[in-house]
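Here are my notes on this model, written for a colleague who will work from the coordinates. Please read them with the structure open.

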Amino acid sequence: MSSTPTVGVLALQGDVREHAVALAEADALARPVRRPEELADLDGLVIPGGESTTMSNLALAFGLMEPLRARVAEGLPVYGSCAGMIMLADKILDGRDDQQSVGGIDMTVRRNAFGRQNESFESPVDFAGLEGGPLHGVFIRAPWVESVGAGVEVLAELPAGPAAGRTVAVRQGNLLATSFHPELTGDHRVHAFFVDLVRAAAR
Amino acid sequence: MSTTSPATPSHGEGDQPQVGTARVKRGMAEQLKGGVIMDVVTPEQARIAEDAGAVAVMALERVPADIRKDGGVARMSDPDMIDGIINAVSIPVMAKSRIGHFVEAQVLQALGVDYIDESEVLTPADEVNHSDKWAFTTPFVCGATNLGEALRRIAEGAAMIRSKGEAGTGNVVEAVRHMRQIRADIRRLTTLDENELFVAAKNLQAPYELVKEVATLGKLPVVLFSAGGVATPADAALMMQLGAEGVFVGSGIFKSGDPAKRAAAVVKATTFFDDPDVIAKVSRGLGEAMVGINCDTLPETERYANRGW
């Protein structure tokens, strides 16, 4: 593989452009994905922030859910932020009763866990394995990780506030998920971390 | 708002979460992009909208078409109705306050709505001033017919802009006019040199700093949706192709023959706005569209877009 991996951004709805910009800054070639055939030839995929019920609805309507699950099962590296984290969770709490996810990470995620928009917040976040100090976490009607299985590595917990100690970033194999939105901050270290993971998986 | 750079926050008090920042307000709208926000007047309608894939609902007492028909003063919705809709769905809930009625906005914030629309569809409470939107934790969306108006609202604290169109008409012509105007104003700014931006700010009647930011970015510093007149999947796709980042649909859905089906079709056409095959497919068998009003027969006094300044 060339040193510039191709990373898709699921473009059904959400902050697709911000992820594409962050991926380009992290030396990946970003490509929007809305159709099953666009999943072929990808080295990695980002599921952006957005409304998880809408994304799930459209993924089912346009025949993307099963192809996405198949690619995850094959080991495709996938990073999900916020709604993307919900899409990668094996189990969802406080979702719609019929809400489906792609799954892949052995975790239970609680949707809108911190509350409504008035409770959306910014907070520094220590992210295991990233150099250069804490990340600036932007949490918008964000989920948190309620519990994880044995194979899941917890990368970040909230340091302070009413939800101190809650898990907000995890990794299982080639799958990465954050409750917060690094794509909104101009700090592209999480995307660089993911692109490194994509490069390593392609070797 | 934090003034420390993201890479070097100190531990201690800086670790406390901060709510109501410009970033979480504007960031919330970024999450709605590519989506459809639907006017609803009951919890049942809210559930239909969520089932259809709406990214948010706008809780209203009457849809704009009925406000037009019934006349009288249109105000903020009943708190019980807003509560009912908040409890019915898991997606974000928006609600409208009258222009300049900052107490209605305070009530909506207290009710826990996710976004406040300071809206020309309701009867203005102040014919000079809009609300100071910086004073709120809840973010605001405001309407605009041109770039100067959009930037004045952003200067007042709006975290999202929608082109106004002409609500309750089912006629997309004014939405097109306003979206084209805003986009053309932005394009023009990007062609000016540094010296010319000062006069551009004067002519736009907008703060120089925001004018300069738009000239540099080539876009608004906040998300831009379309509103006012979308009635069909093709209308929604048209607004997206004209540069909208998402679509508000008011009377167009629940004043049509088959709201559930039309709502789902508008959502799909918004995602695949550049794919005529998908738009054609979802446009079949939707039943009656809302009847609609010709905007050129609408008296000036009944044009909501003229409210706000």
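1. Conventions. This is a predicted model, in which local features need pLDDT of at least 70, side-chain atom pairs count only at pLDDT 80 or more, and totals for chains, interfaces and linings use all residues. Residues are numbered from 1 along each chain as its sequence is written, chains are lettered from A and ligands numbered from 1 in the order in which they are written, and side-chain values use heavy atoms, with hydrogens and water left out.

2. Elements and axes. Helices (H or I, at least four residues) and strands (E, at least two) are DSSP runs, numbered from the N terminus. Axes are lines fitted to C-alpha atoms, for helices over the stretch in contact; angles run from 0 to 180 degrees between N-to-C directions.

3. Helices 10 and 12 of chain B. The axes of helix 10 (residues 233–241) and helix 12 (residues 259–271) of chain B come within 8 Å and cross at roughly 25 degrees. That makes the two helices roughly parallel (angles under 35 degrees count as roughly parallel, over 145 as roughly antiparallel, 65 to 115 as roughly perpendicular and the rest as oblique). On the helix 10 side, Pro233(B), Ala236(B), Ala237(B) and Met240(B) make the contact (heavy atoms within 4.5 Å). Their counterparts in helix 12 of chain B are Arg262(B), Ala265(B), Val266(B), Ala269(B) and Thr270(B). By class, this contact has seven nonpolar, one polar and one charged residues (Ala, Val, Leu, Ile, Met, Phe, Trp, Tyr, Cys and Pro count as nonpolar, Asp, Glu, Lys and Arg as charged, and the others, Gly among them, as polar).

4. Burial of helix 10. Buried residues in helix 10 of chain B are Pro233(B), Asp235(B), Ala236(B), Ala237(B), Met239(B) and Met240(B) (buried means under 20% relative accessible area, exposed over 50%, partly exposed in between; 1.4 Å probe, protein chains only). Their cover includes helix 7 (173–190), strand 8 (223–226), strand 9 (247–249), helix 12 and helix 13 (276–282) of chain B. Just after helix 10 of chain B, Gly243(B) takes a positive phi of about 115 degrees.

5. Helices 8 and 9 of chain B. The axes of helix 8 (residues 194–204) and helix 9 (residues 208–217) of chain B come within 9 Å and cross at roughly 120 degrees. The two helices are therefore oblique to each other. Their contact residues divide into eight nonpolar, no polar and two charged.

6. A buried aspartate. Asp117(B) belongs to strand 5 (residues 115–119) of chain B. Its relative accessible area is 0%, so Asp117(B) is buried. Leaving aside neighbours within four places in sequence, Asp117(B) has contacts that include Lys96(B) and Arg162(B).

7. Three strands form an open antiparallel sheet in the order 8(A)-7(A)-1(B) (strands pair if DSSP finds at least two bridges between them). Its edges are strand 8 (135–139) of chain A and strand 1 (18–19) of chain B. Five bridges join strand 7 (residues 121–125) of chain A to strand 8 of chain A, where Leu135(A) is the bridge partner of Val125(A). Helix 1 (residues 22–30) of chain B lies across strand 7 and strand 8 of chain A, at about 55 degrees to strand 8.
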